[in-house]
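Colleague: Before we look, could you take me through how to read the features of a model like this one, giving the general idea and then the case at hand?

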Amino acid sequence: MQHNFFVRRSLLAAAALALSSAALPALAADKSVAVTAIVEHPALDAARDGVRDELKAAGFEAGKNLKFDYQSAQGNTGTAAQIARKYIGDRPDVIVAIATPSAQAVVAGTRDIPVVFSAVTDPVTAKLVKSWEPSGTNVTGVSDLSPLDKHLELIKKIVPQGKRVGVIYSPGEANSVAILEALRKAAPAAGVTLVEAAAARTVDVPTAAQSLVGKADVIYAPTDNNVMSAFEGIVKVAQQAKLPVVAADTAAVKRGAVAALGLNYYDLGRQTGKVVARILKGEAPGKIAPQTATTFELHLNPGAAQKQGVTLAQDLVSTAKVVVK
Amino acid sequence: MSLFASLGAIEIGLIFGLVALGVYLSFRIINFPDLTVDGSFPLGGAVAATLTVAGWHPLAATAAALAAGALAGALTAWLNVKLKIMQLLASILVMIGLYSVNLRIMGKPNVALISEPTVFTLLSFGDLPEVWLKPLILLAIVAAAKLLIDAFFASEAGLAMRATGGNPRMARAQGISTDRYTIAGLALSNALVALAGALFAQTQGGADISMGVGTIVIGLAAVIIGETLMPTRSLVLTTLACVLGAVLYRFFIALALNTDFLGLQAQDLNLVTAVLVALALLVPTYKRKLSALRPRPAGAALPVRKEAR
């Protein structure tokens, strides 16, 4: 029975460790907010920081009168499920869940702790909420759906003669597929046709860009992790083929996109933080309607425009928040 | 660690216990390094979630997931034994291909199951809350799977399968069709993994295309933790050790999630888990060293660690 003895002893050691962590005095906190994200990523991290800063502005300061926890699942859905369980067991006042898989794991696990999702593009398809109306449940949040009709307008301002819009996206990202479906619906009204190019992995992105040469008049880069990771590969193809690139993420403009009317994930986090603060002050999450981002910034890069064969109209440049030199 | 977090670790640990059983079967019994599981785990989730949303009975959807996993495993084995593609490569090919297949099945990268019926909503015992209900149902499913596997390996077919992995030349000399048993073994292994994927999707709110990432690593870790902490030659105990290893692994992650008081942060999670598991694996080694130092009665045999097979 020696083996059993050792299993038991290591289990005991594990239990002791767990107890010692539980026995530590909790921060003297009036309120507690627990944040979980599926993976660490500049956009998602910015959303988390936005939540924290907005809460501070609303009088809930992390470390003072607010216990602010953060856990990332490091890309693993099994770990995301365990983080959800840990938080539900900790019973914070609000759980903030960033990105679809993390939000689903939390929402599947609790019907009473308020849950505020953030950076989920399509919360209705993800079944976090039934509709965009106030849910009546413990769930509300902020979606990062891009303003696609505004993006198509911007594309027409940059390439007025362009009718064929090439889109590079990953078929494996829920957010990107949701955007693609919305684009398919919006394209006819905007008078453009879509040319789709799927890239399952980062290394497929330049090939996908190449496949658009001759078939599209402009490349649209959505808020897609693969596309943003391999963005330089798209810019290279665009310069050779004189195909302008318009992006959804403003960070892409510095990296060589002609323009982006973007969602700023830090602002998205601040917007999420406002919802969290309302709940901390006593509002019921079920009475707050899920929202989409409200603030967008126009960023332009005239140098990239020149290299990609277009010139930017002066009235467009004058409305830009940032013009990259 | 809260009770809720502990029950969560047990629940997810039991699901990955099925993965560990599958991995034990392919790696240890059939002696086939099979990476198909990274594809068959989400395949199980995709099939079960899609069929449930389409209106299938949750049990039928789960059974279909199991069958889909068996097909995937059989395909890997077939590529190897019939087309003579290297074992690792054959399994990688099927794993890569399954990514597209899973997207086709789901029609999108994420199928939600939050308000749909699942095998867990079918059963309810009075007022027992879901937190207790899920681990209990999973315990019954995993125990049944373990006992069925044990019974199978005690049967003639099971012994033939063990011979196939242990000594294929001898097995063939005995008239055993090693090709057929390799195909059957991998089918069984991946059926278990797909069942785990189906149950995971049903407990965690849906199937996601990314849910297979690292399944093989977790499965192997569970098998090795189990074997190390409970070295035995008995197959019945080894299958138990695999399940316990998977649950223990999830407890290490739960512990790692509670290490913020040490100044460790969210980005350290995987590293903390790795260190904890490494420490657990060191326990038997140090135990051996300690007992070697102790004076022993004359004539006592030196402790020999038996490699579990």
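Modeller: Let us begin with strand E5 of chain A, residues 139–143, where five of its five residues are buried. Buried here means under 20% relative accessible area, with exposed over 50% and partly exposed in between, using a 1.4 Å probe and protein chains only; strands (E, at least two residues) and helices (H or I, at least four) are DSSP runs numbered from the N terminus. This is a predicted model, in which local features need pLDDT of at least 70 and side-chain atom pairs count only at pLDDT 80 or more, while totals for chains, interfaces and linings use all residues. Residues are numbered from 1 along each chain as its sequence is written, chains are lettered from A and ligands numbered from 1 in the order in which they are written, and side-chain values use heavy atoms, with hydrogens and water left out.

Colleague: Which residues point one way from E5(A), and which the other way?

Modeller: Val139(A), Gly141(A) and Ser143(A) point one way, Thr140(A) and Val142(A) point the other way, and all are buried.

Colleague: How should I read the pairing of E5(A) with strand E4 of chain A?

Modeller: In general, strands of a sheet pair through backbone hydrogen bonds, either parallel or antiparallel. Two strands count as paired if DSSP finds at least two bridges between them. Here E4(A), residues 115–118, and E5(A) pair in the parallel sense over four bridges, and Val115(A) has Val139(A) in E5(A) as its bridge partner. E5(A) is also joined by two bridges to strand E11 of chain A, residues 291–292, again in the parallel sense, with Val142(A) opposite Gln291(A).

Colleague: In what order do the strands of the sheet lie?

Modeller: Six strands of chain A form an open sheet with parallel pairing, in the order E2-E1-E3-E4-E5-E11. Its edge strands are E2 and E11 of chain A, each of which pairs on one side only. Strand E1(A), residues 31–37, has six of its seven residues buried; seven bridges join E1(A) to E2(A) in parallel, and Ala37(A) has Ser72(A) of E2(A) as its bridge partner.

Colleague: Why does Ser176(A) count as buried?

Modeller: Ser176(A), which is found in helix H6 of chain A, counts as buried because its relative accessibility is 1%. Leaving aside residues up to four places away in sequence, Ser176(A) touches Tyr169(A), Ser170(A), Thr223(A) and Asp224(A), where contact means heavy atoms within 4.5 Å.

Colleague: How many residues does each chain bring to the contact between chain A and chain B?

Modeller: Chain A brings 47 residues and chain B brings 49 residues. Buried area is the accessible area (1.4 Å probe) that two parts lose on being put together, summed over both; for these chains the value is about 4,200 Å², 60% of it on carbon and sulfur atoms. Gln82(A), Arg85(A) and Lys127(A) supply 18% of the area that chain A buries against chain B, more than any other three residues.

Colleague: How many salt bridges does the rule find across the interface of chain A and chain B?

Modeller: A salt bridge is a side-chain nitrogen of Lys or Arg within 4 Å of a carboxyl oxygen of Asp or Glu, and the rule finds three across this interface. One salt bridge is between the side chains of Lys127(A) and Glu116(B), at 2.5 Å from N to O.
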